[in-house]
Every structure is written in C-alpha cells, then in structure tokens.
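Q: I would like to learn how to read sheets and pockets in a model like this one. Could you walk me through it?

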Amino acid sequence: MSATDDILAFAHIGDLHLTEADADNARDLHAIVDQINAVDGLDFVYVPGDNADNGTPEQYALARAELDRLRRPVHVITGDHDMEGGSLAAFYAGLGAPRLPYAVTVSGCRCLFLDMCGPGSGGPDFRLGAEQLAWLRREVEAAEADGHDCALFMHSYPADLRGEGEAAAVAALVHRSRIRLVEMGHTHYNELANDGRTIYAATRSTGQIEEGPVGYTIAAIDRGVVSWRFKALAQGWPFVVITAPADRRLAHAEDHIVSGTTEIRALVLGAGRIAVCEFSIDGGPWRPMRRAEGERRFRASVDWPVGAGR
C-alpha cells in the first residue's frame with residue numbers, strides 16, 4: 001500500500017529495557033507484537049533504543065525473538081542502555097539491525113534513523129558526530145529537492161545532543177526544513193511538543209513504566225498533518241486515528257485551520273474487517289465515510305460548520 005498512497009502510518013513500541021524472559025516487559029512485548037500482527041494498514045514498527053537494559057547478548061536474544069515475529073518491517077535504533085557495555089557490538093550482532101544512520105522513503109516521506117549513542121562514550125552522552133551530522137544535512141536537502149516530507153527517528157530530543165554545536169545545528173536544520181515529526185523514546189513518558197512547525201513526540205517506556213498502563217503509539221503523517229495516539233495494551237479494537245483535519249494541539253500551518261469544504265480522513269485499525277465508519281461533528285448527526293478499494297483511510301467531504309471544533 002505504501003507505494004501507492006500518501007500517508008505514512010507506523011507503530012512505535014517504547015523503550016523495551018529487556019532483562020529476563022519471565023519479566024513483565026517481556027510478556028508485554030509478546031502481547032504487543034501479537035496485537036500489531038493482527039492489523040493491516042501500518043507501514044512499519046519503530047523501536048527507539050534502550051532495547052536491552054544492560055546491553056547483553058542474552059537480552060538482545062529476547063528482543064530479537066519477539067521482533068522477528070513481526071509481520072511488517074521493523075526499525076530499531078540505539079539508546080544509552082545499548083551502550084552500557086562500552087560499544088554497540090552486541091546491539092548489531094544481537095539484533096541484526098542495519099548500520100545506523102540510514103534512510104528509507106515510505107509513502108512519499110523520507111524516514112531518517114539516527115544513532116545518538118555510538119559516537120558517545122556510554123550513558124546519556126548523546127552525540128551524532130561530524131560524519132552523521134553531515135549525512136543528516138545531505139539527506140534532508142535531498143528530500144526537500146524531491147518534494148518529500150521527512151520524519152526523524154532518534155533516541156532523545158535534539159536538545160540533548162552534547163557534541164559541540166550539534167544541538168543548535170540540528171535545531172536549525174529542523175526549523176528550516178520539512179521535517180514534520182521527530183519521534184523519540186528515552187523519557188519514559190508520553191510527550192507531545194509543537195514548536196509551531198514540527199511535532200516532537202516521545203512514547204512511554206515498555207520496560208520501565210513511570211506513568212499509566214503499558215501500550216504503544218500509532219502515528220501518521222498525512223499530507224503534512226501529524227497525528228499521534230497512544231493505544232493501551234488492554235484497549236480493544238477497533239482503534240481510530242483521525243489523520244485530517246489536524247488536531248488543534250498538533251496544527252502548525254495556516255492550511256491546518258478548518259473552514260469551508262473539508263475532507264475528513266481516518267485510519268481505522270481492527271483485528272477484523274472494518275465494514276462501517278461514520279463521523280459526527282460536535283455531537284451532531286452521524287454521517288457515513290467511505291474507503292476506496294486498496295485505500296487505508298476512510299474519507300468524507302463536509303462543509304465545516306462555523307465555530308465547530310470536535
């Protein structure tokens with residue numbers, strides 16, 4: 001589907017911090033993989049680092065056994081816990097992950113996966129290094145030249161970079177480019193920040209939960225509009241992500257203001273076939289949405305009522 005439509009949609013499983021096979025987070029990861037495998041409509045699964053709590057081969061074997069079960073591509077990056085042994089040798093050997101950084105184009109969006117930890121010395125010594133920073137600039141410029149939006153996948157916020165001038169350089173790059181989303185882990189909390197141009201999002205840890213129930217995020221970029229919603233593991237199907245119009249908290253452009261003729265679009269995920277989808281504005285009457293053959297989103301066109309908001 002991603003070769004023909006214009007929405008990027010992915011699942012984000014928060015920092016795993018795997019230790020032992022009989023630990024709660026190992027069981028939760030198994031259940032999350034089962035849930036993601038049960039639905040269609042996602043391009044890939046993202047895991048943002050801190051995969052093995054102590055960076056040991058045994059812990060990576062637990063992670064790989066579960067991630068290998070996923071029925072769609074998985075992108076795994078590094079976190080500071082992956083550097084606990086002093087290098088990333090166990091990370092690459094244990095997970096068979098491609099060497100970072102790398103980029104893939106999915107549904108017209110350039111997805112850039114970074115290593116904040118390898119250039120450092122262990123712990124939260126977050127750096128990119130000169131070569132990776134230059135690579136990032138080239139990739140963003142090439143995507144811009146091709147008319148593509150970008151999504152940046154890294155372990156923590158760009159502001160956490162400690163290499164000389166790196167935090168300011170990445171911030172400037174993000175601000176002047178079409179990087180729509182920076183997707184992260186590390187904080188162990190669900191966080192959303194909107195700087196008026198780009199959305200910064202972090203998903204709750206799977207292995208060291210400090211708030212709320214365990215779960216994962218479904219995120220999307222739909223023609224420049226970012227949508228982001230956390231799904232608790234215990235929450236049932238179907239699961240709806242409204243991909244347009246923009247949530248007011250994530251809106252950051254004049255064309256995100258809703259007025260006049262408006263197309264409503266929604267990604268609806270379920271363990272079975274979704275037969276019917278309807279929408280309502282501000283508690284008004286329910287009206288049908290349609291999904292064309294081979295299309296992931298349900299759609300409807302409406303004359304948006306003046307003053308309506310939900």
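**Reading the sheet and the pockets**

A: Gladly, and keep in mind that this is a predicted model. Let's begin with a helix: helix 1 (residues 24-37) lies across strand 1 (7-12), strand 2 (44-47), strand 10 and strand 11, and runs at about 35° to strand 10.

Q: In what order do the five strands of the open sheet stand?

A: Strands of a sheet pair through backbone hydrogen bonds, in either a parallel or an antiparallel way. Here the order is 3-2-1-10-11, with mixed pairing. Strand 3 (74-76) and strand 11 are at the edges with a single partner strand each, so one side of each has no neighbour in the sheet. On average, neighbouring strands are turned by 25° against each other, direction ignored.

Q: How many bridges join strand 10 to strand 11?

A: There are eight, and the two strands run antiparallel. To find your place along strand 11, look for Phe-230, which has Thr-217 opposite.

Q: What lines the second largest pocket?

A: This pocket holds about 530 Å³ of space. Its lining counts 26 residues, with Arg-273, Ile-274, Arg-291, Glu-295 and Phe-298 nearest the centre. Strand 13 provides the largest share, three residues. The classes are 15 nonpolar, four polar and seven charged.

Terms used. Residues are numbered from 1 along each chain as its sequence is written. This is a predicted model: local features need pLDDT of at least 70, side-chain atom pairs count only at pLDDT 80 or more; totals for chains, interfaces and linings use all residues. Side-chain values use heavy atoms; hydrogens and water are left out. On a 1 Å grid over the protein atoms alone, a cavity is a set of points where a 1.4 Å probe fits but cannot get out, and a pocket is an open set with protein on both sides within 12 Å along at least five of seven lines; lining residues have an atom within 4 Å of a point. Grid points are joined across faces, edges and corners, and a volume is the space filled by probe spheres set on the points. Helices (H or I, at least four residues) and strands (E, at least two) are DSSP runs, numbered from the N terminus. Ala, Val, Leu, Ile, Met, Phe, Trp, Tyr, Cys and Pro count as nonpolar, Asp, Glu, Lys and Arg as charged, and the others, Gly among them, as polar. Two strands pair if DSSP finds at least two bridges between them. Axes are lines fitted to C-alpha atoms, for helices over the stretch in contact, and angles run from 0 to 180 degrees between N-to-C directions. Contact means heavy atoms within 4.5 Å.
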